[in-house]
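Work through the exercises below with the sequence and the model in view. Each task is followed by a solution in steps.

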Amino acid sequence: MKWIEMDIRSEEAYNQAKEWYDEVVFTKKIHLKNSPNFDELKSEIKGLKEKYKNVALLIITEKPSLIREIRKRIPNSLIYVQGGNLRVVRFAIENKVDAVIAPEYGRKDSGFDHVLARLAAKNNVAVGFSLAPLLKATPYERANILKFMMKNWRLVEKYKTPRFLTSSAESKWEVRFPRDLMSLGISIGMEIPQAKASLSFYPEMMLKKLKRT
């Protein structure tokens with residue numbers, strides 16, 4: 001079994017994760033208000049791929065149309081969208097991004113429903129269950145986040161939506177062993193084999209899709 005960490009956001013975190021995982025995806029965050037300079041972005045991605053091999057772009061935007069533009073112009077990288085904005089998340093799933101990270105992020109609800117879960121399953125869009133928001137939350141916020149994650153897990157499991165567990169680490173101190181991320185999965189309702197699959201089977205399917213592009 002290969003352990004795969006799908007969302008690591010800094011060089012120091014990547015170097016730490018490589019000690020514990022068979023494969024690691026380096027994620028570049030992109031805050032977009034307008035179309036980026038695609039020549040510069042493609043050049044940067046090329047450099048990141050030479051250094052890290054597996055690269056994802058995490059798009060953070062309030063303008064859904066930019067997601068389609070990135071998806072069309074940058075076809076050979078994983079495309080993630082940050083959860084939080086329901087309109088953006090729906091558009092991202094409709095346009096077949098690779099994953100939505102933490103649909104409940106910054107919300108007072110789960111940021112996900114049965115319609116989105118069914119559509120994500122149909123379009124092969126994964127849901128990333130991320131540890132990072134929990135690490136930065138107050139005890140009250142943490143309880144709510146876990147409640148929302150549990151709800152989202154039930155939907156993901158019901159509709160057989162692709163999924164993965166991740167630390168979304170931005171520093172080496174936020175990286176976690178596979179067994180720790182498995183514990184997160186179990187705490188939101190996964191059985192042990194489901195938690196293992198969320199760190200191996202489903203991530204491996206995503207990386208195979210990336211290698212075919």
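Helices here are DSSP runs of H or I with at least four residues, and strands are runs of E with at least two, numbered from the N terminus. The model is a predicted one.

**Exercise 1.** State how many helices and strands the protein has.

Solution. Counting the runs gives 10 helices and 7 strands for the protein.

**Exercise 2.** Decide whether the radius of gyration agrees with that of a compact globule.

Solution. Step one: the protein has 213 residues, and a compact globule with that number would have a radius of gyration near 17 Å. Step two: the protein has 16 Å, which agrees. Step three: for the extents, the C-alpha trace spans about 45 × 40 × 35 Å along its principal axes.

**Exercise 3.** Find what share of the residues is buried, and what share of the accessible surface belongs to carbon and sulfur atoms.

Solution. Step one: a residue is buried if its relative accessible area is under 20%. By that cut-off, 54% of the 213 residues count as buried. Step two: the accessible surface comes to about 10200 Å², and carbon and sulfur atoms hold 52% of that surface.

**Exercise 4.** Work out where the buried residues of helix α1 lie around its axis, and name elements that cover them.

Solution. Step one: α1 covers residues 11-20, and its buried residues include Ala13, Tyr14, Gln16 and Ala17. Step two: seen down the axis of α1, the buried residues fall within an arc of 165°, so they line one face of the helix. Step three: among the elements covering these residues are β1 (4-8), β2 (23-32) and α2 (38-52).

Notes. Residues numbered from 1 in each chain as written. Predicted model: local features only at pLDDT ≥ 70, side-chain atom pairs only at ≥ 80, totals over all residues. Heavy atoms only, no water. Rg over C-alpha atoms; globule rule 2.2 N^0.38 Å. Buried < 20%, exposed > 50% of the residue type's maximum accessible area, 1.4 Å probe, protein only. Areas by Shrake-Rupley, 256 points an atom, 1.4 Å probe, with all protein chains shown as cover. Arc of directions from axis to C-beta. Contact = heavy atoms within 4.5 Å.
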